[in-house]
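Welcome to this short tour. Please take a look at the sequence and the model below, and then we will walk through some parts together.

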Amino acid sequence: MPQESSQPGPGHGPASATDRPHRVAVIVDENSNPFELGCATEVFGLRRPELGRELYDFALCSAEPATLMRDGFFTLTGVAGLAAADRADTVIVPNRPDTDVPRRPAVLAAVRRAHARGARLVGFCSGAFTLAEAGVLDGRRATAHWQWADSFRERFPAVRLEPDVLFVDDGDILTAAGSAAALDLGLHIVRKDFGAEVANSVSRRLVFSAHRDGGQRQFVERPVPRVPDASLAPLLDWARERLGTGLTVAGLAARAGVSPATLHRRFRAQLGTTPLAWLTAERVALACRLIERGEERLDVVAHRSGLGTAANLRARLRRETGLSPTDYRRRFGPGGAAAAGRIAAAAAARTP
C-alpha cells in the first residue's frame, strides 16, 4: 500500500524546516469513543524524555465548550476550539458508534478546511464515516470496522472501501478499522514520521507490538480459543533472532514441532496472517533498522535481514514504505532530519 504522505511533517516539509514538533489535533464530537481518544493521546500526546526531543505538539479540540462522550460516560471540558484543527499538520477526526447520526456541520467544515490546505487526515474506526460525510474520501481507499462495512458502502458508494484490513494508508488520508487498530495506525504514522527506532521506542512504552502490517485481516479465526493453545510468542522470538539465516516456513514448522499446514492455521488464528507474510514483514522491518543505523551497502542489508538480494530489498522496501532505500536513508538514516530522535530511541531501547 502507498506509504508516502504529501503533508508537512517531520523530516519532510515546513514542520521540520522550523524544527518544531509536528502539530496533531484530535477533534472530539458528541458521543465520541473514549478508547480511540486514549489511543491518540498515548501515541501523540505524551512527553517522551527518553527520546531527547518532542515529537508532536498535541491538542484536543471540539465545536462546543462541553462535549458529552459515548453513552454519557463523562463530559469533556477545557479543550480548545476548532481553530486548533486549522493550525494542525495532522487532524484526527471524530469517531462515534452512532454512525447514522450526521456529524456537526462545524466539524465537517473543519475537516474540509484541513483537507483543502493539505493537512494529513486520520480516521479511527467509525471516523471513516466522518471523513466520507465531509466528502474528502470520494474515489479514495479507506477502511472501517467490519460491523459497519455494508452500511458504509450503501451510504458512500464512491469510496473504495477495504473492509478486511487493519488500516489503510492512502497518502494524506489514513483510516483504521477498529479500536485496537487505532494503535497500529498510530505507530505506523510515527514510523513514517520518525523511523523504525522511534516507533519501536513508543511501542515499548505502550507494551504493544511495534509493527502489524495494515494489510492483515481485521478478524482472526479464534481470538479467544476454547481450549488452551501454545502461544506463538516463543517461536516468534526465536525466529526474530534468525531472520538473516535461510529461515523458511518449513523451518518454523519444524521448530514448532508441527506441519506447515498446522503452523499456517495457528498463524491465521492467532495473528491473522500467514507465516510467510509475517517473516517478510519482520525482515523488512529489520532492513529498515539496519539502514537507519548507518549501513549503506544494500547487499549487506539484504543479507543480514534475510531478504537475499539488493533487488528484492528494493522491491520489498518500496512496497512496505513507498520509499527506495536511498530515499529511506536520506529521510531516516544517520544525519537525516529525524536522526537525533532515532539515536536517543536506540539508546532507550538498550536500557533494561
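Strand 9 and strand 10 (residues 173-176) pair in the antiparallel sense over three bridges; two strands count as paired if DSSP finds at least two bridges between them. Helices (H or I, at least four residues) and strands (E, at least two) are DSSP runs, numbered from the N terminus. This is a predicted model, in which local features need pLDDT of at least 70 and side-chain atom pairs count only at pLDDT 80 or more, while totals for chains, interfaces and linings use all residues. Residues are numbered from 1 along each chain as its sequence is written, and side-chain values use heavy atoms, with hydrogens and water left out.

**The sheet**

F167 has A176 in strand 10 as its bridge partner. Strand 9 and strand 10 form a hairpin with three residues between them, and G171 in the turn has a positive phi of about 85 degrees. On its other pairing, strand 10 runs parallel to strand 6, with four bridges, and L121 stands opposite I173 of strand 10.

Is strand 10 covered or open on its faces? Both faces are covered: I173 and T175 on one side, and L174 and A176 on the other, are all buried. Buried means under 20% relative accessible area, exposed means over 50%, and partly exposed is in between (1.4 Å probe, protein chains only).

These strands belong to an open sheet of six, in the order 2-1-5-6-10-9, with mixed pairing. Its edge strands are strand 2 (56-62) and strand 9 (167-169), each of which pairs on one side only. From one strand to the next, the twist averages 15 degrees. Helix 2 (residues 34-45) packs on the sheet, where it touches strand 1 (22-28), strand 2, strand 5 (90-93) and strand 6 (120-124). The direction of helix 2 makes about 155 degrees with that of strand 2. Axes are lines fitted to C-alpha atoms, for helices over the stretch in contact, and angles run from 0 to 180 degrees between N-to-C directions.

Helix 4 (residues 105-116) and helix 5 (residues 127-134) pack at an angle of about 75 degrees, their axes 9 Å apart. That makes helix 4 roughly perpendicular to helix 5, a label for angles of 65 to 115 degrees. V107, L108, V111 and R112 of helix 4 meet T130, L131, E133 and A134 of helix 5; contact means heavy atoms within 4.5 Å.

**A covered helix and its exposed neighbour**

Helix 12 (residues 275-292) has 18 residues and reaches 26 Å from its first C-alpha to its last. That is close to the 26 Å expected at 1.5 Å a residue, a span found as 1.5 Å times one less than the number of residues. Of these 18 residues, 16 are buried.

R293 lies in the loop between helix 12 and helix 13 (298-305). R293 is exposed, with a relative accessible area of 55%, and it touches E197 and P334, not counting residues up to four places away in sequence. The C-alpha atoms of R293 and R329 are separated by 9.3 Å, although they are 36 residues apart along the chain.

**Positive phi values**

Most residues other than glycine have a negative phi.

| Residue | Phi |
|---|---|
| G171 | about 85 degrees |
| G294 | about 115 degrees |
| C125 | about 60 degrees |

C125, which is not a glycine, is found in the loop between strand 6 and helix 5. At 3% relative accessibility, C125 counts as buried.

Note on methods:
Parallel < 35°, antiparallel > 145°, perpendicular 65-115°, else oblique.
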